[in-house]
Amino acid sequence: MSNVEDLLEQHGKAIKEVYLDWENGTRIEEEVLETMKPFYLEKQFGNPAITHRVGWETYDFYVKAKSAIAKPLNADPQSIALTHSFTESNNLAIKGLAKMNKKRKKIIVSEVEHLSVIHTAKSMFKEDYKVKILPVSNDGTVNVDILQEELDDETLLVSIQSINHEIGTVQPVKEALEIVKDFDEKIFFHTDATSAFGRIPLDLSKLEVDLASFSSNRILGPKGIAGLYIKDGIKLKSIYEGQLSVEILSPDVENPALLAGFAKAVELQFSQFDEIKAHTTKLRDKLMYGLHTSIERTDVNGPAGKRRAPDNINVSFLGCEGEALTVESSMNGIYASSGSACTSRVLMPSHILTAIGRKPEEAHGSLLMKVNRLNTEEEINYVLETMPKVVDRIRSITGGIQI
Amino acid sequence: MSSRIPLPYAPRVLELFQNPQNLGRMEDATIVSSAGSPACGDMIAFYLLIDEKSEVITKSSFESYGCASNIAAASQLTIMIENKSLKEAWDFTWADVSEALGGLPSVKTHCGSLAVGALRRAIRAYYKEIKNSKPEWLPSDLSKDEKHALEEEALADKLKKKYKL
């Protein structure tokens, strides 16, 4: 196998670059990095669980930073468990709850959850759990009527995301929660709020879910830190073993620098919440409908308007294979991802696009792009100018093959 | 066992993706074949122009609905078989294609395999439909790469049933 440097040289660099693959990888802002630096170099780098001055100073910072993170959720800081990723948060929510509540053995999740929810739920099969997968409509909305039918006295947990990460569907979480709690208050309700955190208001004092996952990197905070909201009175068991630490459910050495970055990212995202929402919504609509009108045989995946996340663009270009599309886009400086089979290691199209009834060949031609506060209108103009050429070239390779 | 996912491409894959050789439909092709299916996200059409007297491939071309590896594999194969006899062309395996591309990682080996499958189908079809005879060197049983193409097409049928298309 050749050297990666040779590959990059062959690829070359486009005159302009627009990064829209925020779903798969994020960066932080200078301001966030500056906030983090002293915690690596100078201060409050200790272990908050240890009894000496540096430990106490770190503990003091720890408590304050957690309050800052809990604030936009309108939650008690004590109810936030810090984890290393939303994947860990979702694992902890499901497995940690099951470990403490062994009498009920049925878990209900939607068909369009992130794989860290679906795979975790399915991993419980081997412990004799029943897992029910709820279907969705053709815009990705979870069918709450079927949820109602599936509830029984065996049900331990219902897990429904707040916003779909791939097609941007805002899910009827409030309605689903009411259905579940009206049926039986003892059934737990988890929402994976990773793609909703910082996009739509999430007031957990009003939306009384039991568990909610969210993450730092999705609001341009550092990677490697995330949270799980756990409603007062609910007990979880840690899913791995380690030393006693301040974070009981994530036994490890706490990382104050990541926490500082997370808290700063929360401040930046939520202090301009309305402005960011308006900005991204504008860019989203310009890009999504621009592509839809300027490129023939293009479909929008997911809902429109308020029922769609303000940052999500997902379109299918028929007659294009998505992996080739991402490579050609890359050569033109546009970075995005696809739900095509060839971009995944399992060679199956996106489970979300097939769940909403897209034919495999429509899923293969999909392109997922996200916008955030760092993207500009000028960048979107460049993408709109460039993508017709990108799609044309890939379609020219497909040639006469009938799709 | 390494924990690292292998790099998807060697530079040659990207080179052929950027500038595919022998791309496009051939109007005067002696024989045309295809392998794979749009449902699987991988389909190749193969065109051969054959000098019937010498049984030499004078020109070949392809169209691809597939990933960059798929496009590069098909293009690479058209380069390799130019001016080769049908027997010589038949003997190229996916491993030869993969090697010429600088090595395809395991998850992409089927791309190389599909291109070889399409070519072998074309050769088989040439003898069956045009020559009405089978040379001795041509095996009666399907080769591994032809079977791979069939498997991929069967998978497409399965997908279609699963999603009730």
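Over how many bridges do β1(B) and strand β2 (residues 42-51) of chain B pair? The two strands are joined in the antiparallel sense over seven bridges, where strands count as paired if DSSP finds at least two bridges between them. Helices (H or I, at least four residues) and strands (E, at least two) are themselves DSSP runs, numbered from the N terminus.

The structure is a predicted model, for which local features need pLDDT of at least 70 and side-chain atom pairs count only at pLDDT 80 or more, whereas totals for chains, interfaces and linings use all residues. Residues are numbered from 1 along each chain as its sequence is written, and chains are lettered from A and ligands numbered from 1 in the order in which they are written.

Chain B contains six helices and three strands, arranged from the N terminus as α-β-β-β-α-α-α-α-α. The three strands form an open sheet in the order β1-β2-β3 (chain B) with antiparallel pairing. Because β1 (31-37) and β3 (56-65) of chain B each have a single partner strand, they stand at the edges, and one side of each is left without a neighbour in the sheet. Neighbouring strands of this sheet are turned by 15° against each other on average, direction ignored. Within the pairing of the two strands, Val32(B) has Tyr47(B) of β2(B) as its bridge partner. Helix α2 (residues 68-81) of chain B lies across β2 and β3 of chain B and runs at about 175° to β3(B); axes are lines fitted to C-alpha atoms, for helices over the stretch in contact, and angles run from 0 to 180 degrees between N-to-C directions.

For chain A, the secondary structure comes to 13 helices and 12 strands. The radius of gyration of chain A is 22 Å, close to the 22 Å that the globule rule gives for 403 residues, so chain A is as compact as a globular protein of that length. In chain A, 50% of the 403 residues count as buried. An automatic or database domain assignment divides chain A into domain 1 (4-20 + 273-398) and domain 2 (30-271), and the C-alpha centres of these domains lie 28 Å apart. Their contact takes 20 residues from domain 1 of chain A and 18 residues from domain 2 of chain A, two residues being in contact if their C-beta atoms, placed from the backbone, lie within 7 Å. On the side of domain 1 of chain A that touches domain 2 of chain A, α9 (273-294), β10 (312-317) and α11 (351-355) of chain A are the elements that give two or more residues.

Between the chains, 32 residues of chain B are in contact with 28 residues of chain A. On the side of chain B that touches chain A, at least two residues each are supplied by α1 (11-18), β2, β3 and α2 of chain B, with α1(B) giving the most, namely five residues. By class, this side of chain B has 22 nonpolar, seven polar and three charged residues, where Ala, Val, Leu, Ile, Met, Phe, Trp, Tyr, Cys and Pro count as nonpolar, Asp, Glu, Lys and Arg as charged, and the others, Gly among them, as polar.

How values were computed: Rg over C-alpha atoms; globule rule 2.2 N^0.38 Å. Buried ≥ 20, exposed ≤ 12 C-beta atoms within 10 Å, placed from the backbone.
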